[in-house]
Amino acid sequence: MNSIDLKSRAKINLSIDVLGKREDGYHIVEMIMQTIDLYDQIKIEEVEENLIKIKSDSVDIPLNEDNIVYKAANLLKERFNISKGIEISIQKNIPVAAGMAGGSSNAAAVLVGLNKLWNLGLSENELKEIGLQLGADVPFCITGGCSLAEGIGEILTDINGINEDVNILVCKPNIFVSTKEVYQSLDMKNVQKRPDNKKLIEALKNNDIKFVSENMVNVLEEVTSVKYKEINEIEEVMIKNKALGSMMSGSGPTVFGLFDNKEYAIKAKEELLLNYNQVYLVNSSNKGVEIYG
């Protein structure tokens, strides 16, 4: 039986701006996304029966056709008329419904994995086009690194990312946030503060992590932090422990902090673990999906 193992990495946002809304309901965004070295492990195995089966160690994700991973596999199966069956095992490390593109990243891994397993010969760009049908974050998750994302998140420009020596502390409070509801609640006319992405890109190019940390803006935080006080509380713990900057990722509720001193980051992690169980100290990564083993 053929099988393949993949790493499926999480992302954080260094900025999110929402510029408008399309007629189909999608929001037009301009944001900087960065992959980090926190990943789920995906194993895809061919099975005898012609079906798609999903297994996971997480109770927080569906194991049926509602899972984006199922949709990714089914899309390729139908498009290329494949009558082989597969079993997909997902070992979850990325928090679920966290604003870290965990599901999108898993879907990206399935596209990359099946492309190889089934010898489909799809290029990276073709995989991204297919991925976009599943969700706006999927194309980015395939390649990873750091990108300016425009449009609905599908127009990607590679940019310099955070150096791998910067310590990134990630904390997900035990709440689930609906991305759709956050976007629907955003009053674009009354956004108080927007990111200056040009300046952020320039600072990343110059490896000026202090400027990046102090000028990160996520317009969605205005919505989510009003509903959930935990977001500000986590940020306060990080800043008190000398984070250069701290912000919510995606539509939340995950908060991350950037530290130039690992000891400070460890101290903040220990303090956060007193109240939260999903706290990770990681670094940036210039990879998205990775085949290994």
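Guide: Start with Ser 89. Apart from neighbours within four places in sequence, Ser 89 is in contact with Gln 41, Ile 42, Lys 43 and Lys 55. Contact means heavy atoms within 4.5 Å. This is a predicted model: local features need pLDDT of at least 70, side-chain atom pairs count only at pLDDT 80 or more, and totals for chains, interfaces and linings use all residues. Residues are numbered from 1 along each chain as its sequence is written, and side-chain values use heavy atoms, with hydrogens and water left out.

Visitor: Why does Ser 89 count as buried?

Guide: Buried means under 20% relative accessible area, exposed over 50%, and partly exposed in between (1.4 Å probe, protein chains only). Ser 89 has 17% relative accessibility, so Ser 89 counts as buried. Ser 89 lies in strand S4, residues 85-91. Strands (E, at least two residues) and helices (H or I, at least four) are DSSP runs, numbered from the N terminus.

Visitor: What makes strand S10 largely enclosed by the rest of the structure?

Guide: Five of the five residues of S10 (residues 255-259) are buried, so the strand is largely enclosed. Val 255, Gly 257 and Phe 259 point one way, and Phe 256 and Leu 258 the other.

Visitor: Which strand do five bridges join to S10?

Guide: Strand S7, residues 167-172, running antiparallel to S10. Strands pair if DSSP finds at least two bridges between them. Asn 167 has Phe 259 as its bridge partner in S10. Four bridges join strand S9 (residues 245-248) to S10, also antiparallel. There, Met 247 is partnered by Phe 256.

Visitor: Why are the buried residues of helix H6 said to line one face?

Guide: The buried residues of H6 (residues 197-205) are Asn 197, Leu 200, Ala 203 and Leu 204. Seen down the axis, they fall within an arc of 120 degrees, so they line one face of the helix. The arc is that of the directions from the helix axis to the C-beta atoms. The face turned away from the buried side carries the exposed residues Lys 198, Lys 199 and Lys 205.

Visitor: What makes Lys 242 sit over the ring of Tyr 264?

Guide: A charge sits over a ring if NZ of Lys or CZ of Arg is within 6 Å of the ring centre and within 35 degrees of the ring normal. The charged end of Lys 242 is 5.1 Å from the ring centre of Tyr 264. Lys 7 lies over the face of Tyr 292, at 5.5 Å from the ring centre.
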